[in-house]
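Here is a short report on one protein model. It moves from the whole chain to selected details.

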Amino acid sequence: MSHHESPSPRRAQEPDAQARRRESIRTDHAPTDLQDSGPGPAAAASVLPRQGGVRAPQPPGTSVTRQDSPLPTWFAGVLTVGIVLAALNLRPAITSLGALLEETRDGLGMSGTVAGVLTSVPPLCFAVFGITAPRLARRFGPAAVVCAGMVAVTAGMVIRPFAGGTVAFLAASALSLAGIALTNVLLPVIVKRWFPDRVGSMTGLYSMALAIGTSVAAAATVPMTDALGGSWRAGLGVWAALAAVAVVPWVPVVRAARRDRRQAPAPATAAASGTTPAGATTSGASGDGKSVGGRSTDGDVPAGRAPGVARSRTAWALACYFGFQATAAYITMGWMPQIFRDAGVSAGQAGVLLAVTMVMGVPLAFVIPRLASRLPHQGVLVATLGAFGLAGYAGLYFAPAGGAWAWAVLLGISNCAFPLAITMIGLRARSAAGMVGLSAFAQSVGYLISIPGPLLVGVLYQHTDSWDLPIALMAALMVPQILFGVRAGRNRQIEDELRPVVTA
């Protein structure tokens with residue numbers, strides 16, 4: 001009697017022990033590389049048996065008889081440390097430069113125009129390099145690409161202080177930003193793959209680490225520079241040490257993931273041996289979306305290839321939401337201290353107010369993703385954060401100095417739209433391939449959308465010599481952010497929108 005004729009896996013009869021072992025591996029092994037995954041809802045989110053708390057509930061009808069997972073017991077813990085350290089390094093290359101921008105300009109002889117363009121380089125690099133993440137992840141695996149990204153961040157931050165001119169400085173900065181862009185895109189993918197039952201909490205953890213890295217680099221760069229003799233080169237270069245530490249945990253993670261992949265039987269071999277798990281369907285048949293023979297029947301998306309997410313309205317809504325929240329964040333980081341200083345607040349206090357805004361993301365970045373993952377529709381969170389932003393801009397418009405601390409807190413809460421957007425990326429894709437495609441699309445398109453905002457605010461400020469019109473623009477941009485966010489927060493997955501329409 002063949003496996004498909006058996007009413008349940010327990011009653012299935014196999015010709016020999018080797019076939020039974022293949023079935024056990026087939027049903028209890030989750031791919032660690034995008035090329036191995038046939039990411040239907042079960043394959044991408046449910047059938048991820050891992051130790052150390054990473055195991056997800058198994059779908060009904062799946063035979064699980066193998067107890068010794070190919071991944072070692074330390075994998076989940078080391079991967080968590082790697083995620084946190086990577087997130088800590090996603091912003092220091094940017095915020096440390098912002099703290100020493102005047103000294104860097106003088107040291108390299110930059111013109112004001114070049115320095116202004118420099119503030120738009122991060123989102124541009126995030127958009128350009130982030131779009132390459134899916135292709136690299138399919139070829140080398142997401143963990144390996146993140147490891148390489150951390151190496152690139154380290155190398156760029158080591159080279160940058162020794163740059164003798166503006167071109168070399170920009171090239172070294174671009175190297176670091178390329179590594180950050182790849183990690184930006186793939187961290188949500190890694191969370192979805194190895195922590196499918198804890199997307200909210202893990203997203204909150206690395207979002208909190210990102211906020212800490214941003215705040216610490218902004219606050220500590222100048223004091224550390226003074227302690228190192230006042231050299232801006234030393235003040236920028238010291239952050240390379242933190243990036244180098246982030247590489248360490250990814251090395252064993254990549255090795256374990258590759259061993260895991262090598263031990264996995266080829267899908268075609270498993271299918272030919274008649275060891276298709278119970279409840280699954282063969283390629284080309286209709287079924288419940290499980291991966292069979294290297295192909296996902298969910299939305300007819302081939303295993304290991306990201307679907308054409310540009311055809312999804314939800315993907316576009318999410319990309320626009322990501323873009324508008326990034327616009328608000330870069331405007332806040334770049335211009336809020338100047339708004340307070342022009343209102344009569346001292347330079348030191350203006351810097352502290354910006355730090356308060358950034359620090360608000362530390363606790364909320366952990367709470368918001370957990371809350372968002374429990375809600376069927378994240379629109380209420382989108383609207384709530386947008387309301388805080390509108391209140392903060394109103395305060396800046398009518399009484400920037402009188403309620404400065406309150407406006408800093410309100411805008412800090414509003415800027416927590418970033419972890420919410422990252423969480424929604426994980427919730428809007430059912431498959432692993434869809435996840436990496438959506439993450440790359442939403443972030444790349446989003447960062448492109450965010451580029452003009454800070455520049456336009458600067459132009460309006462320069463030509464009007466007042467903050468009234470720029471602040472009105474900031475508040476106006478919050479409206480489409482809310483509208484796109486509410487649409488992106490609807491309970492649906494992009495695979496459903498990309499499913500081929502069959503006509504009679």
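This is a predicted model: local features need pLDDT of at least 70, side-chain atom pairs count only at pLDDT 80 or more; totals for chains, interfaces and linings use all residues.

Residues are numbered from 1 along each chain as its sequence is written, and side-chain values use heavy atoms, leaving out hydrogens and water.

**Overall make-up**

The protein holds 24 helices and two strands. Both are DSSP runs numbered from the N terminus: helices are H or I with at least four residues, strands are E with at least two. Of the 504 residues, 55% are buried (under 20% relative accessible area; exposed is over 50%, partly exposed in between, with a 1.4 Å probe and protein chains only).

**A helix pair**

Two packed helices are described by the angle between their axes and the distance between the axes. Axes are lines fitted to C-alpha atoms, for helices over the stretch in contact, and angles run from 0 to 180 degrees between N-to-C directions.

| Helix pair | Angle | Axis distance |
|---|---|---|
| H3 (residues 75–88) and H13 (residues 240–263) | about 145° | 8 Å |

Residues of H3, including Phe75 and Leu79, meet residues of H13, among them Trp250 and Pro252. Contact means heavy atoms within 4.5 Å.

**Trp335**

Trp335 sits in helix H15 (residues 313–342). Is Trp335 buried or partly exposed? Trp335 counts as partly exposed because its relative accessibility is 24%. Not counting residues up to four places away in sequence, Trp335 touches Pro454, Val457, Gly458, Tyr461 and Trp467.
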